[in-house]
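Work through the exercises below with the sequence and the structure open beside you, and try each task before reading its solution.

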Amino acid sequence: MPLAPPTDGSFDTFQQGFDAWQAHALAEGYVIKKSNSSDKRDGQYTRHIIRCRAGPLTKAPRATHRKTSTASQGCRFEASAKLYNGADAWAFQVKHPHHTHLPSFTTPTHRKQQMTPEVIRMILNGLDNSMPRRLIYRTIKSCNPDLILTPDDISNFISRRLRKETAVSLSNQMHVPLPTQEEEAEADSSS
Ligand SMILES: [Zn+2]
């Protein structure tokens, strides 16, 4: 059943529980996120609210140039994760199991899951061979017929990668030691 809530349970760490629940959520067509954190004990939060990425709607959607996002759907799904005092495991509990939207299996989080080392290897291979981005996408798609990554996802990944490479090469250039004053004076006098 799509959009089924995760099963209440206890987990050794918050991250373990969150990852297990997220895997369930993605398979059911939604995405969870950590929301309000509270009840600090010894500098660590011991309670987190977990919501659906599609909600809740806290403010009226502003007229911005942002693309329509699921954030405006105001989903009321809610759960909590709590480390009770003295307990050694996190208790994950669904509070409100229902969603106010249809399942989606192509959210950015779903798509990011497909950016596997294998896909990244194919992208880098394409770049090494000076393949145009569209062709890189088509090559990956032909090897992965179930691919939900979009041509834009691939293109954005490449842009980020190239920006990072430029930044690294710039910072390398800036770390080339500058000539000392003595060296410069020497160069001046010898010319
Ligand atoms: Zn939802």
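**Exercise 1.** In what order do the five strands of the open sheet stand, and is the pairing parallel or antiparallel?

*Solution.* Before starting, note that this is a predicted model, in which local features need pLDDT of at least 70 and side-chain atom pairs count only at pLDDT 80 or more, whereas totals for chains, interfaces and linings use all residues. Residues are numbered from 1 along each chain as its sequence is written.

Begin with the strands, which are DSSP runs of E with at least two residues, just as helices are runs of H or I with at least four, both numbered from the N terminus. Two strands pair if DSSP finds at least two bridges between them. Read across the open sheet, the order is β1-β5-β4-β3-β2, with antiparallel pairing. The edge strands, each pairing on one side only, are β1 (9-11) and β2 (32-41).

**Exercise 2.** Over how many bridges do β2 and β3 pair?

*Solution.* Strand β3 covers residues 44-52, and its antiparallel pairing with β2 runs over seven bridges. To find a position in this pairing, look for Lys 33, which stands opposite Arg 51 in β3.

**Exercise 3.** At what angle do helices α3 and α4 pack?

*Solution.* Helix α3 (residues 117-128) and helix α4 (residues 133-143) pack at about 145°, and their axes are 10 Å apart; here axes are lines fitted to C-alpha atoms over the stretch in contact, and angles run from 0 to 180 degrees between N-to-C directions.
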